[in-house]
Amino acid sequence: MKITLKKAVSRGKYLMNLSIKPSLKNFAASKDNRVAAYVLIVLLGLALLFSLFFSGVAAVGMGEAYTFKDKWGDYGTGIGQFNNPYDVDIDNSGNVYVADTYNHRIQKFSSAGVFLLTWGNYGTGVGQFNYSMGIDVDASGNVYVADTCNYRIQKFTSNGEYLKQWGSFGSGEGQLYYPYDVAADNAGYVYVADSANHRIQKFTSEGVFVSSWGVYGSDAGQFKYPHGIAVDDEGNIYVSDYNNCRIQKFNGDGEYLTQWGSYGDGNGQLKNPKGVAVDSSGDIYIGDYYNHRVQKFSNEGVFIGTWGSIGSDDGQFRTPKGVAVDEDGNIYVADTKNNRVQKFQVEPRA
């Protein structure tokens with residue numbers, strides 16, 4: 001009998017081929033030998049799978065590795081528990097803010113996942129939420145929350161003290177129809193992914209309307225339910241165009257610059273992208289929602305790497321949405337259906 005074990009890597013998945021060629025000369029006359037051989041095949045296969053799984057939860061892309069580092073949270077309403085957390089962001093001190101969407105609240109943690117505080121509950125009043133789906137922290141530590149089903153943006157201090165709000169249901173200037181995400185730039189402007197209006201709106205940090213762009217469609221600068229938004233240090237805007245399965249890039253005035261992505265599960269392809277984050281080098285991280293993974297691109301859309309698959313083990317995801325990167329390059333992912341936050345480390349490219 002000839003046994004061939006082959007390991008291949010395709011989009012982060014390990015494949016194992018077993019080629020079984022029995023020799024009649026050696027085994028045809030012995031049932032016991034045939035049974036023993038097949039048991040050996042099974043044991044070898046299990047040993048290979050064991051070594052692949054326990055060699056460290058990591059993925060490699062273009063010379064860099066993405067390694068699982070930490071996690072926290074499980075399903076529930078208690079302190080540190082989550083019910084479909086949709087988004088995550090980091091302040092300049094490394095604290096982690098989580099939009100605990102179905103619990104209608106914000107939770108704040110240390111970078112190690114130690115609970116610090118929480119605010120919000122279900123309702124329409126000041127400081128209450130109706131499915132808080134997006135969150136962003138500006139350079140001054142102010143926290144902006146996309147209060148999606150209340151059709152408004154709420155602004156808080158880093159300790160959860162209410163500051164102000166803006167928006168109401170509608171399609172006029174400054175009105176919102178399911179705002180899914182929010183992002184603040186370094187110049188004091190706030191951008192909102194006004195999802196069901198298929199547009200981006202730009203405001204001052206005090207909620208004064210400045211401009212908007214986008215209509216329903218698939219052409220450049222058009223959207224089909226924009227879900228995620230992020231701003232780089234140069235003021236460029238990155239939008240996850242959910243139903244168009246692409247990322248679009250604009251300048252701060254809404255002028256179209258470029259786009260990338262198409263429907264699929266290959267490298268650089270997307271299935272309904274949601275969260276967007278930018279690191280200090282200008283690279284872009286995408287919560288590739290229905291591919292259950294995170295993808296990394298250059299700021300011009302060149303694919304760099306990816307990690308994750310569907311599941312609940314370390315490094316696996318169930319519909320990841322929000323992504324955030326701290327100053328040390330650690331990546332935090334709102335692992336939505338697993339009701340947790342996962343933290344990863346990137347080993348830089350050579």
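Select Q295 and show what surrounds it: beyond the neighbours within four places in sequence, Q295 is in contact (heavy atoms within 4.5 Å) with G266, N267, G268, Q269, L270, I284, Y285, I286, D288, F303, G305 and T306. This is a predicted model, where local features need pLDDT of at least 70 and side-chain atom pairs count only at pLDDT 80 or more, while totals for chains, interfaces and linings use all residues. Residues are numbered from 1 along each chain as its sequence is written, and side-chain values use heavy atoms, with hydrogens and water left out.

**Stay on Q295.** Colour by secondary structure. Q295 sits in strand β23, residues 293-297. Strands are DSSP runs of E, at least two residues, and helices are runs of H or I, at least four, both numbered from the N terminus. Q295 has 0% relative accessibility, so it counts as buried. Buried means under 20% relative accessible area, exposed over 50%, and partly exposed in between, with a 1.4 Å probe and protein chains only.

The side chains of Q295 and D288 make a polar contact at 3.0 Å. Such a contact is a pair of N or O atoms within 3.5 Å; within protein, one must be able to donate a hydrogen and the other to accept it, and residues adjacent in sequence count only if both atoms are side-chain atoms. A polar atom of the Q295 side chain also lies 2.8 Å from the backbone nitrogen of G268.

**Next, F223.** Find F223 in the loop between β16 (209-213) and β17. F223 is buried, with a relative accessible area of 0%. Now pick A196, 27 residues away along the chain: the C-alpha atoms of F223 and A196 are 9.6 Å apart.

**Then the strands around the second largest pocket.** Select β5 (85-90), β9 (132-137), β13 (179-184), β17 (226-231), β21 (273-278) and β25 (320-325); each supplies at least two residues of the lining of this pocket. The lining divides into 18 nonpolar, five polar and 13 charged residues.

**Cysteines.** Select C149 and C245. C149 is partly exposed, at 24% relative accessible area. C245 is buried, at 5%. The count of disulfides (cysteine sulfur atoms within 2.5 Å) comes to zero.

**Zoom out.** The protein has two helices and 27 strands. Of its 350 residues, 54% are buried. Among contacts between residues at least 6 apart in sequence, 45% join residues at least 24 apart.

Note on methods:
Nonpolar A, V, L, I, M, F, W, Y, C, P; charged D, E, K, R; others polar.
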